[in-house]
Each structure stands twice: as C-alpha cells, then as structure tokens.
Amino acid sequence: MTEPRGQNMEETLAQAESPQRGNNQRHMVLAQTRGVASLGQRPPIGRARTMPCLSPHHLSGHRELRLAHLALGFLTMGYVWQEGQRRPAQILPEALALPYWLVSRKLGLPPILTYADCVLANWRLKDPTKNMDLLFSFPGVESCRGFFLISMLVEKAASSGIQGLVEVINALGCRDLISIQRGLCKVAQSLKRMKDQFKLMHGHVDPTTFHGTFRIFLSGWRDNPMLPGGLRYEGVSDKPVLLSGGSAAQSSAIQCFDALLSIRHDHIADCYLRRMRDYMSPPHRQLIETLSARSSVRDLILSLSDLSLCCAYNDCVSALVDLRSYHLCVVARYIIIPGNKARATGCPLQGVGSALDATGTGGSNPMVFLKSVRDATHRALVSER
C-alpha cells in the first residue's frame, strides 16, 4: 500500500510483459495469456481447449505471477460465461485450470477473477500524461473500462485514509489524542473523496450495457443459480469447486475502515465479509486481521468526554454511511432498474436474463446486504455529549 495509489498495484503490471525481462519460455507464458485475453474479446472454446498447458514455474517474482493470475482470470471468466446464462461451462479445460491453480497457490489467491485482479492490478499508463487504460476487458468495452478504472480511482482515494488509519493505531498505544483526531480527520476526508470518485460511474458506465452485457463475466460459481454445482478444474480435481465472483465486498480498504471504527455487522453480513477476505491478497488480509485485534478507538472515545474527538470519530462513521448509501443507489441504477425493464419488455439480455438480479456476482443479495452493512455502520455513531 502506498500513499499515491492506495492498495492498487504500485506499478503497472504491463511492465512485466517485456520479453527482455527473462527467458523465452517465461515470456511465452505471459504472451499466450495476454494475447488470448485481448481487449474486449471472448476466448473461443476451441482455442482454449487447444492451448498448450504452460508451466507457471518459469514466471519470476510476484509481479509476473500477478499478471498471469489476472490474465488467466479473464480467460477463465470469458470461457465459462461466453454462452451466457443458457450454457455456462461446467468444466474448465486443463490448459487453463492447471496453471491457474498453481499460480493461485503461489499467490495465496483463489483461482477466480477477484477484485484484487480486475480493479487493483488491471491498469496501465496509456501515455506520458499518466492517462490510464485497462490491461484486460470484457464485452461492453467502454462501460467495462469505466467500471474498472473508476473503481480503481475509488481505491486510490482511500490511500490517505489508510495512512490516517495507521496514524490512529500508532497513537492509540500512547493515547496521543491530538494525533488520533488528526488521523480520524484524514479517514473522514478520504471516505468523502471515495464517494466523489464513485459518482463518476454515472458518466462512464451505461446501465444497460453493465447489466446486460458484461456483468455476467464477473459471476462466480458459488451461491449462483446459473452454476449451482460449481466448476470443475480439469487436471486439478474431479470434484467441482465453489468460488464467489468479484465483489466490492472484497475491497480491503473498506474492511480496514470497518475494523478501525469497530463496525459490528450482523451475523450473516459478518460471515460473508470474513469469507470475502479469502479473495484478497494475503498482506491486505493480514492488515485487516491486525487492525481487528488492536485496541479500539471507539472504546477509547466512549471512555472519555472529549467532544472534538467524538465528532472526529462520528465524521468517519457518517462518511462511511454516506458511501454505503450511495452504493445502494448505484446498485438500484445498474442492477435493479435495468432488470425490471428487461423483465417488463421480455428482453433476453443476451442470455443473462434475471438470474443475477437477486444474487450479486459475489453470491449475496446486493440490496439486502448493502442495507444491512449501511445500517450497522449507522449504529456505530457515538452520542456527542
């Protein structure tokens, strides 16, 4: 995690693609995955079945492994969902399944496209002016680009809040109230900037394209009515594997803020959020666990009669409530309303149908879940006395 980019990858993974960086076989692994998952194209079934089964052992270092995981994730989602709701693939070919499984084990990530892949790592600098573009995309390219890059900007806006969070935790040990308040102010301002960045979604992502074209490619094979039995990874296991698709619940930044502010979610939401940590990179997962085990800033505030400190804490909670309320509005615009329109007109939505309207790509009911976490956040407000 860095100040400029938050928990996004510090440098673009595109730099890992250079053939000058290593031997030819390693470059072949990267080039094969990069080439087949070219921008906006669905990987043909026949081509995926005839791809050579490349060994990830020739990949060097974390960055090349992350690039391979990203590319294999897009290939896998494209392969599974290219026929839409009608005929999702039940088996992932060994040429994809085995290297994906091995790369995932090395990284401590599951073998499915995660938020850490498609948002935190899926970007490149397009030109010297620092304009950004995606490394990989799905059908509905322009809206897909807007969705992933704006999500990345939301994460970038969290960076100063994470720095403030660290200041608060360090100051708690010596009860440095001035530093605690200063760190909380950084967290609150960061959460407000995250909401401002989130608002850009409306100008860059078309609701019909999002709902009817590319949202299905973010779906997993756990708690999903389209693949209720899971997906079998050929050459890895004879039994199907159950994995959740990409979800904003996999954002480690938001869960870090929850941990700092001691937000207590109800049992169902808490279990879901804890399970989503399995889809984060291990260092991010560890940061949340560490924060959850440290002293509580909320308990300190409840034990004091410091109005300014209490207000600083409540500003953070209120900003997080506002962010989650806005997320509900986004879900309504991009999932609920287009789904209702599609059902009213009988539009098949290119095979997507309404299967994902009640179940989000991560496997939860998005409206029920978001209302639950929003309300739990609101309950954390402390009476200012």
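I looked up what covers the buried residues of α8, and the cover includes α6, α7 (159–172), α9 (201–204), α11, α14 (297–303) and α15, where contact means heavy atoms within 4.5 Å and buried means under 20% relative accessible area with a 1.4 Å probe and protein chains only (over 50% is exposed, in between partly exposed). Helices here are DSSP runs of H or I with at least four residues, numbered from the N terminus.

I note that this is a predicted model, in which local features need pLDDT of at least 70 and side-chain atom pairs count only at pLDDT 80 or more, while totals for chains, interfaces and linings use all residues. Residues are numbered from 1 along each chain as its sequence is written, and side-chain values use heavy atoms, with hydrogens and water left out.

I then listed the buried residues of α8, which include Ser179, Ile180, Gly183, Leu184, Val187, Met194 and Phe198. An α-helix has 3.6 residues a turn, so residues three or four places apart point the same way. I checked the span of α8 as well: its 22 residues reach 32 Å from first C-alpha to last, close to the 32 Å expected at 1.5 Å a residue, the expected span being 1.5 Å times one less than the number of residues.

Finally I turned to aromatic pairs, which are rings of Phe, Tyr and Trp (its six-membered ring) with centres within 6.5 Å, counted as stacked with planes under 30 degrees apart, edge-to-face over 60 and tilted for the rest. The structure holds 13 of them. I noted that Phe198 and Tyr326 form an edge-to-face pair, 5.6 Å centre to centre with 70 degrees between the planes. This pair joins distant parts of the chain, with Phe198 in α8 and Tyr326 in α15, 128 residues apart, and both residues are buried.

Definitions and conventions:
Helices (H or I, at least four residues) and strands (E, at least two) are DSSP runs, numbered from the N terminus.
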